[in-house]
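Here's a quick walk through one structure, going from salt bridges to helix packing and a few individual residues. Have a look at the model, then read on.

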Amino acid sequence: TQLIQALCEMEVPICYFSQGGWFYGITRGLNVKNVFLRKAQFRLAEEDWFARALARRLVGGKIRNQRTMLQRNHVEPKTAVLRELKETAERAEAGADLEELLGLEGYAARVYFGEFAGMIKLEEEPSEFQFDFEGRNRRPPRDPVNALLSLAYSVLTKDFTIACYAVGFDPYLGFYHQPRFGRPALALDLMEPFRPLVADSAVLSAINTRMVIPKDFVNTGQAVALTAEGRKAFFRAYELRMDTMVTHPLFDYRVSYRRLLEIQARLLARVLDGEIGEYPVFVTR
């Protein structure tokens with residue numbers, strides 16, 4: 001109890017996950033002082049024009065970052081695939097409504113994950129270290145790669161939920177993701193462009209550097225989950241990715257991805273406060 005009290009006073013959140021990696025709770029202090037920001041958030045969440053404008057930038061940024069991941073990591077990225085992703089991003093940014101954005105995002109995801117296996121390094125000879133990936137599946141994940149992706153997205157959701165709380169947002173009211181009981185919609189909004197850059201990258205790093213190997217997974221019915229040692233190994237890969245330094249295109253200085261999450265949440269707050277005109281989505285090259 002004394003430890004929890006001390007962490008709450010220092011505004012250090014304590015996060016809870018199920019054995020399968022599902023983020024289901026958080027203990028935090030009273031960092032909810034910015035009521036004016038939440039008033040603006042609730043007001044603009046009812047404005048369709050604002051939700052559409054923000055969602056277009058988030059979805060377009062996510063697709064562009066997926067394209068960059070293939071360019072950087074794929075053994076031999078297909079020109080047609082890169083062109084499709086570029087054109088889909090442009091369509092998303094050009095004026096799509098929320099329903100159309102969902103379709104474009106889903107289409108881009110199918111194209112991207114259709115090529116995901118090409119970013120996994122294979123052994124020259126068949127061995128126990130091979131990871132097969134035939135497409136995205138979840139709830140439950142049915143193979144090791146999808147188990148890693150689901151865990152990575154859960155941890156990234158947690159990190160963006162914390163960033164939202166730190167800035168003063170209500171993480172459960174989003175603009176692109178619609179309100180649903182128990183879903184941190186704003187955290188999911190903000191994390192869209194970072195799914196490939198942080199979560200997917202951490203998964204690929206964990207696999208390609210053999211930080212996780214097939215024996216780190218167990219089958220439970222149709223689902224595949226990580227062992228305790230496997231989760232520990234993946235968290236090391238995830239933390240290494242979060243500590244990676246990148247140059248922020250708006251400020252032109254280097255920050256870690258961990259710091260970048262809060263910077264992006266604060267930039268959204270500046271948009272809601274009227275200090276800047278549009279949200280500067282983070283896109284890497």
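## Arg258 and its partner

Arg258 has a relative accessibility of 33%, so it counts as partly exposed. Keep in mind that this is a predicted model. Arg258 has a charged partner: its side chain meets that of Asp243 in a salt bridge, with 3.9 Å from N to O. The two sit 15 residues apart and tie together distant parts of the chain, with Asp243 in the loop between helix 9 and strand 5 and Arg258 in helix 10. Asp243 is partly exposed as well, because its relative accessible area of 46% falls between the 20% and 50% cut-offs.

## Helix 9 against helix 10

Two packed helices are described by the angle between their axes and the distance between the axes. What are those two values for helix 9 and helix 10? The axes of helix 9 (residues 228–242) and helix 10 (residues 257–272) come within 6 Å, and they cross at roughly 65 degrees. On the helix 9 side, Glu239, Arg241 and Met242 make the contact, while helix 10 brings in Tyr257, Arg258 and Leu261. Sorted by type, the residues of this contact come out as three nonpolar, three charged and no polar.

Arg266 is partly exposed at 37% relative accessibility, and Glu262 is partly exposed at 24%.

## Other salt bridges

How many salt bridges does a search of the whole structure find? The count is 15. Among them is the pair of Arg91 and Glu100, whose side chains meet at 4.0 Å, N to O. Arg91 is partly exposed, with a relative accessible area of 49%, and Glu100 gets the partly exposed label at 37%.

Some bridges share partners. Lys62, Glu105, Glu192 and Arg195 are joined into one network that way.

## Ala92, buried in helix 4

Is Ala92 buried or exposed? Ala92 has 0% relative accessibility, which means it counts as buried. Ala92 lies in helix 4 (residues 79–93). Leaving out residues up to four places away in sequence, Ala92 touches Arg56, Val59, Gly60, Leu101 and Leu104.

For a sense of distance, take Asp159: it is 67 residues from Ala92 in sequence and 26 Å away in space, C-alpha to C-alpha.

## Two loops

Gly221 is found in the loop between strand 3 (217–220) and strand 4 (223–226). Gly221 counts as exposed because its relative accessibility is 73%, over the 50% cut-off. Along the chain, Gly221 and Pro140 are 81 residues apart, yet 9.8 Å separates their C-alpha atoms.

The loop between strand 5 (245–247) and strand 6 (254–256) is where you'll find Tyr253. Tyr253 is partly exposed, with a relative accessible area of 40%. Together with Leu250 and Phe251, Tyr253 makes a nonpolar surface patch of about 270 Å².

Definitions and conventions: Residues are numbered from 1 along each chain as its sequence is written. This is a predicted model: local features need pLDDT of at least 70, side-chain atom pairs count only at pLDDT 80 or more; totals for chains, interfaces and linings use all residues. Side-chain values use heavy atoms; hydrogens and water are left out. Patches are made of residues with over 30% relative accessible area and no salt bridge: like charges are joined within 9 Å, nonpolar side chains (Val, Leu, Ile, Met, Phe, Trp, Tyr) within 5 Å. Accessible areas come from the Shrake-Rupley method with a 1.4 Å probe; for residues, only the protein chains shown count as cover. Helices (H or I, at least four residues) and strands (E, at least two) are DSSP runs, numbered from the N terminus. Buried means under 20% relative accessible area, exposed over 50%, partly exposed in between (1.4 Å probe, protein chains only). Axes are lines fitted to C-alpha atoms, for helices over the stretch in contact, and angles run from 0 to 180 degrees between N-to-C directions. Contact means heavy atoms within 4.5 Å. Ala, Val, Leu, Ile, Met, Phe, Trp, Tyr, Cys and Pro count as nonpolar, Asp, Glu, Lys and Arg as charged, and the others, Gly among them, as polar.
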